[in-house]
Amino acid sequence: MEKEALKVVNRGEEDEMDMLGYRLCHWKLAIVCVGVVLTGGFLLLLLYWMPEWCVKATCTRTPIREAEVVLLRSTDEFKRWFRAKVRVMLAPGKNPFDCPDSRIVANGHTPHPAENQTEDCERKHSEYQPVQIRYFTLHSTKYYWNDMIQNFEVLKGLEDLGVKCSSVHDDHSKGLTEDEQDYRRLFFGENEIAVKVPSVFKLLIKEVLNPFYIFQLFSIILWSADEYYYYALAIVIMSVISIFTSLYTIKKQYVMLHDMVATHSIVRVSVCRANDVIEEAISTELVPGDVMVIPANGTIMPCDAVLVSGTCIVNESMLTGESVPVTKTNLPNPSRSVKGTEEDELYSSELHKRHTLFCGTNVIQTRFYSGELVKAVVVTTGFSTSKGRLVRSILYPKPTDFKLYRDAYLFMLCLVAVAGIGFIYTVVNSIMNKVPVPTIIIESLDIITITVPPALPAAMTAGIVYAQRRLKRIGIFCISPQRINICGQLNLVCFDKTGTLTEDGLDLWGIQRVENSSFLLSETHACKEDLVKSQFVACMATCHSLTKIEGKLSGDPLDLKMFEATGWILEEATEEETALHNRIMPTVVKPPKQLLPEAEASADQDMPSYEMGIVRQFPFSSALQRMSVVTRLLGEKCMDAYLKGAPEVVASLCKQETVPHNFSEVLEGYTKQGFRVIAVAHRKLESKLSWHKVQNVSRDTIESNMQFLGLIIMQNKLKAETPGVLADLRRASIRTVMVTGDNMLTAISVARDCGMIPPQDRIIIADALPPKDGQTAMINWHYADNPPKHVSATGSNTEEVQIRLEEESSGAALHSMEHYHFAMSGKSFAVIAEHFQDLLQKLVLHGTVFARMAPDQKTQLVEALQSVDYYVGMCGDGANDCGALKRAHSGISLSELEASVASPFTSRTPNISCVPSLIREGRAALITSFCVFKFMALYSIIQYVSVTLLYSILSNLGDFQFLFIDIAIILVIVFTMSLNPAWKELVSERPPSGLISGPLLFSVLMQILVCLGFQTLAFLWVKHQPWYHKWTPSSDACSLSNYSHHQNETNHDEHNIKNYENTTVFFISSFQYLIVAIVFSKGKPFRQPSYKNLPFLISSFALYAFILFIMLYRVDAIDQFLEIVCVPYQWRYTMLLIIVVNGVVSVLTENLILDIILRKFVFSRDKQGSCGITSATQTPQEGVDRWGERFLSFLCCQRRRAPKAKYMNLAQELLVDPDWPPKPKTTTEARKAPSPENVSYQIISAT
């Protein structure tokens, strides 16, 4: 059969997958059916759990174009397998953007949406030109076969065509006919984000088919066959409670997501048809290319659409977490621009988001022309929209990759191996003793259920549930409980700046105007009579995106503060006033009368007042870092243009003679003090520019040859809690990183002020430049100096615009310094990520400040940090942080808005004090998981040893003995030992990241040996007692004088439960469970001590007292119930001595040998500073983990390996690298290696 290479779908995207084609093979299917019958259905379960095995076992490879089934594997680190069935659809054509056949037009009308509308359309169109289209569906996304690329692809919407901005206006703004709409709906489906809530039955089947519950079912059947009915019933009850609790939680989450998505998802919309007719329709009928009318009173957007006429005020909190209304303007039409100066670029919802209305956002109000409605062209629908992608990421999240869970599976395999040894021993021993075959089968299988405890998952979950409750009490809500454990491993936390580290709002600190190309002295107020008619104040009053909503000013907080500082008044035209004019009524701003000169204020009312109308607005663009407006002063013929934005950008757009010579020094002085600086500029436009021409002129034409007016200095104060929290994290050896969209030097200043960068540490600024004019990409290295204590208007001499360089640092001094931090902008980060991939990992090892970062760059940074094995936390206020919050190991949103649904954790406290609390609870939950796992492992081994010893004399533990141990001891202890709350402060030591670590392995192995030794000692010792004989129903070892040799055969114990060995092993093992519970329940430094856990304390003492009582004092009813026999008091006290010595040895082994001696003399060889890493990159605990790895390597006869964490290896490499860190005033260039196969870059440095 022909085979072909792997195909790749979604190449370069987050959900990239490799794909193979398969065709059903009947003879393979027949063999599998026989196998299913022979294995009693187990093979079917195995194929259900392993989709790749299922496909390979029933199908044969075939080219993708002929495949009936496709097998896909994600290309990320998880390598997950998916199976999808290829279906065939009949349609009039293969391209959804082609015009349908003319014969369909007559019958294509669908006035009312049917429930199965897509299927109806499919049947209807298939009658005419039946073209077969192959497709498959995976994760709510349809993949269609494309003959041109010979691969499957996703049809997302209008952007698939690669349309230019002019084409959106000229070719797609007229609307679709009903037939075109029906035809496109065949491909794009209904416009809905369908979150189907599965039925309880489906959820039940899926939950029950979990491997854990299948094993429990096997255990229950086995115990029932062995007449262990009571314990089997107990496990059934536990399983039923666990299953229905899980079902309730899953169902509730589905219902919550469904309700969130369903709210306003289906609305009535007005659609423009190609014949200029406007029809009412249901939003589910919309397809890409439809033109919808945005109502004046607003709506919830049911799709992603680009504005082609009019303006909208939109609340995008659903997507960004930012509740500030945003102004959306119509997409510029280059074909109608003046002199055709505006470049006609491809439309992109990301690049043109200021003109795009996103699904799920709330259009508050619109502004429109008289006779021309506010229209938008539908770009994407359903799951292809921005809201759809967010919902899909919640419905189909990436699995949580955590070392604890991987190690837990390995440990379980070890237990299975131990069970295998016991299985073989039981079979051989039983055959040698001529035990009946049914008994051999039951007892040998029973040893497996003893070694692998069915209650383990429930026990492991308890600590997480308790931690979730404690988090809820302190205002931290969690939608992904499994991530609580991961929080305990965080060793790096990224913080957004504005609204997270600093206050949300900005205060106007002052202004510094420019006259005659020179800075004047700074002024604290702009609201003054002598400035009211200045161009500077006019720019502050007009250059913004503020609007009035229900009579209240609303918009960006910075714009709001700036406008309020002027004291001016903003007035907007009402809908009635707008409808009376042939063009949009401009927003008008004017100063209050008290600010005007007295002569004007007291003049005749008929005289025109001092008012300015905002004729056109070019919204703020994060890519351009500026915004501008065109205004007209009442009574003036010429219009004015005002510009504000990042100082460097504004200065570059001004006439150089108007920019003060000391501009860079003054700017640097302010930014280094942490101020946010905005520059303003002005330009008088030509009188020939009419209102109509202004509406079509390009932005670049307006924003050129400006006159520099000065600087606006805004103050962004640190939140009171920020320095203290960062100090706590630093003491706990947890790295902190700032990721912000703000200015570089402002971010550096804030990082120093809040303690993220200590005063004595160096800051290295990486300024990367992309390839240009034949030159390769390069990085210029600058060393920022320490911040000045005072700022001067005149500044001081510098060689660079933004950075004062340190020239006196020698290479040797630089190499010897350990504490340095890299800072870079978003642009530099993008260049480094593309051209210096090997260097990127070295930079993030010490990178602390990342400024001017776009939302997707924040996500890329988190991924880069994770690529060097950091456990990354991300804390943001929800605005532009959604992607990073989702991608981080632990995302903490400080926003309670709907965007927080993408973050695993949401804090009601609007400051970063929640971060240490979350890490402390995570560490406590993680240590609890370790304690529980160790305890459950010892429980299994202790019971395994007990049963194995008793099997040697053809005995076993009794049904009620099992029941007492498993219910009264194990479950009570497990669910109470998990209640220890978190330790009150963060410590520098981190808990182990997995079970395969030195201290954990040593602890478990030593306790196994101790328990094995003492249990075996007691088992053998009892046989050497002078009163010992083979027990019979008439035996009475408690009274040797009355001992009788007569046997009562009628009461013979057929299972041989009652004997002296059984009673001895039962008492010794019962105390061993309690001993290891006490030994493993450690407190400091991650949890509160066990004596503060009252339920655990009471339970432990009660069980100790009860077992001690029934061991020392004979109670016939209890003895008969537990099937224990009477032994002499001398042996009872001997057992007590064995138990006491066992307890002492266990405590000494755990606390003295492990915690003191080995940690001090063995584990302490690895010091934090040995790798030359700054704070938080290596802790003593990681030295312990490395010792554990070496110990395991020695046991397995493996060669010594380097540390697993990549950042440790990098740190070791950098220690011996003479060229690291880069020297000041040097340049690092990148060039392609000469080998064509090698696309990496060689790094060469030049001064």
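1. Two strands are said to pair when DSSP finds at least two bridges between them, and in this predicted model strand β39 and strand β40, the latter covering residues 905-907, pair in the parallel sense over two bridges. Within that pairing, Ser893 has Thr906 of β40 as its bridge partner.

2. Strand β39 also pairs with strand β38 (residues 872-876), again in the parallel sense, here over four bridges, and Gly873 is the residue that stands opposite Ser890 of β39.

3. Elsewhere the chain forms an open sheet of four strands, whose order is β6-β7-β8-β9 and whose pairing is antiparallel. The edges of this sheet are taken by β6 (87-91) and β9 (151-154), each of which pairs on one side only, and the twist from one strand to the next averages 40°. Strand β8 (residues 141-146) is joined to β9 by four bridges, the two strands running antiparallel, and in this pairing Tyr143 stands opposite Val154 of β9.

4. A helix packs on that sheet, namely α7 (residues 178-188), which touches β6, β7 (131-138) and β8. The direction of α7 makes about 175° with the direction of β6.

5. A further open sheet has six strands in the order β11-β10-β12-β19-β14-β17, with antiparallel pairing. Because β11 (278-282) and β17 (356-357) stand at its edges with a single partner strand each, one side of each is left without a neighbour in the sheet.

6. Which residues make the nonpolar surface patch of about 520 Å²? The patch is made by Leu233, Val236, Ile237, Val240, Ile241 and Phe244, and Phe244 is found in helix α10, which covers residues 229-262. A reader may also wish to know how Phe244 is classed by accessibility. Its relative accessibility is 46%, and Phe244 therefore counts as partly exposed, since that class lies between buried, under 20%, and exposed, over 50%.

How values were computed:
Residues numbered from 1 in each chain as written. Predicted model: local features only at pLDDT ≥ 70, side-chain atom pairs only at ≥ 80, totals over all residues. Heavy atoms only, no water. Patch = residues over 30% accessible without salt bridge, like charges linked within 9 Å, V, L, I, M, F, W, Y side chains within 5 Å. Areas by Shrake-Rupley, 256 points an atom, 1.4 Å probe, with all protein chains shown as cover. Salt bridge = Lys/Arg side-chain N within 4 Å of Asp/Glu carboxyl O. Buried < 20%, exposed > 50% of the residue type's maximum accessible area, 1.4 Å probe, protein only. Axes fitted to C-alpha atoms, helices over the stretch in contact; angles between N-to-C directions. Contact = heavy atoms within 4.5 Å.
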